[in-house]
Amino acid sequence: MKPHSPARQIDDVIHRIEELGYRAHPIYGVERTVIGCVGREDKSPLSQLESMPGVEAAIPILKPYKLASREFRPEPSVLDVAGVAVGGERLAIVAGPCSVESRAQTLEIAHAVREAGAQFLRGGAFKPRTSPYAFQGLGAEGLEILAEAREQTGLKLVTEVVGVEDLPAMVDVVDVFQIGARNCQNYPLLNAVGQTRKPVVLKRGMATLIREWLMAAEYILAHGNYNVILCERGIRTFETATRFTLDLNAVPVLKETTHLPVLVDPSHGTGQWQFVEPMARAAIAAGADGLMIEVHQDPPNAASDGAQSLKPEKFARLIAETRKIALAMGRQI
Ligand code: PEP
Ligand code: MN
């Protein structure tokens with residue numbers, strides 16, 4: 001729309017877009033409003049909008065992901081995630097155990113990571129395990145433990161939703177849904193979280209192209225849930241010295257192609273605790289908006305992912321070391 005177009009003209013254009021069979025996604029800026037139109041492959045009917053009062057131009061977005069693209073939103077998005085700004089100057093730090101194992105375990109880690117500077121507590125109550133015989137998480141009891149940890153620490157909760165059937169029990173408890181690597185392209189699940197207005201951390205699948213990952217994000221955005229954070233967590237390559245290969249290329253590629261905030265998870269990305277801090281530093285140097293880190297007080301006895309979990313004191317050191325990089329990058333922890 002032209003700068004300072006009256007609300008009446010904006011509403012008329014939205015109405016016309018919907019008559020034509022598209023869904024309108026307006027972004028109301030201080031000076032001007034941009035209206036995204038998605039839902040049909042054929043763009044040609046949209047050129048007629050140019051003759052409507054207040055319309056400056058109808059510009060086709062060439063990328064297959066529309067709402068996720070920088071063409072649609074040229075400035076980086078700073079999301080309000082349960083009261084914490086994600087994507088701005090301050091880095092988002094998500095930390096906690098791989099799995100919620102017990103009340104005592106989770107509360108101890110929650111206090112430690114908050115002390116060290118995290119704003120978000122992670123911890124799986126529903127775990128997507130490679131083996132059906134491995135620990136599958138505490139389920140609803142795990143959610144109660146997480147809620148108590150939030151009450152005690154003020155940390156916001158990030159926890160994985162493994163299936164659509166778990167959403168109703170989770171939606172009133174969690175602050176942020178995590179969609180795991182194994183579910184990155186689970187379209188029914190993406191649609192379901194898209195229909196909520198809860199922020200979503202969408203992890204990259206271990207064999208998912210960046211373009212496919214952004215299309216997965218588009219599923220969530222298309223429902224009008226714009227609170228999507230991407231999380232690079234390593235991909236499969238021929239290399240076996242580490243659990244996955246942390247694709248830090250993804251950070252600058254995403255910064256060029258999307259406005260969505262980008263986190264990096266060097267815990268899953270390396271699979272070994274010694275490599276987590278160096279790759280956390282590298283992630284921030286590459287321009288990531290935050291980190292997701294696994295922390296456990298007794299890694300050898302963790303129910304899952306002990307080998308890549310940092311003890312609380314090592315996590316505190318990671319934050320102190322990463323802060324130096326953050327400051328050099330004009331960011332803060
Ligand atoms: C996790 O965060 O513990 C997890 C299962 O991660 P991913 O989906 O990236 O493997
Ligand atoms: Mn894990």
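1. Cys98 counts as buried, at 4% relative accessibility. Here buried means under 20% relative accessible area, exposed means over 50%, and partly exposed lies in between, with a 1.4 Å probe and protein chains only. Areas are computed by the Shrake-Rupley method with a 1.4 Å probe, and for residues only the protein chains shown count as cover.

2. The model is predicted, so local features need pLDDT of at least 70 and side-chain atom pairs count only at pLDDT 80 or more, while totals for chains, interfaces and linings use all residues. Residues are numbered from 1 along each chain as its sequence is written, chains are lettered from A and ligands numbered from 1 in the order in which they are written, and side-chain values use heavy atoms, without hydrogens or water.

3. Helices (H or I, at least four residues) and strands (E, at least two) are DSSP runs numbered from the N terminus. His268 is buried, with 8% relative accessibility.

4. Most residues other than glycine have a negative phi. Asp305 lies in the loop between strand S12 (290–294) and helix H10 (312–328), and is buried at a relative accessible area of 18%.

5. Ser304 is placed in the loop between S12 and H10 and is buried, at 4% relative accessibility. Its side chain makes a polar contact of 2.5 Å with the side chain of Ser99. A polar contact is a pair of N or O atoms within 3.5 Å; within protein, one must be able to donate a hydrogen and the other to accept it, and residues adjacent in sequence count only if both atoms are side-chain atoms.

6. Residues around ligand 1, meaning those with a heavy atom within 4 Å of the molecule, include Cys98, His268 and Glu294, along with Arg122, Glu160, Lys203 and Arg233. Polar side-chain atoms lie 3.0 Å from a ligand 1 oxygen in the case of Lys127 and 2.9 Å in the case of Gln178. For Arg182, an N or O atom of the side chain is 2.9 Å from an oxygen of ligand 1. The protein covers 97% of the 290 Å² of accessible area that ligand 1 has on its own.

7. Ala82 is a non-glycine residue with a positive phi, about 50°. It is located in the loop between strand S3 (79–81) and strand S4 (84–86), and is partly exposed at a relative accessible area of 31%.

8. Ser69 lies in the loop between strand S2 (33–38) and S3, where it is buried with a relative accessible area of 1%. Ser69 and Glu256 are 187 residues apart in sequence, with a C-alpha to C-alpha distance of 9.0 Å.
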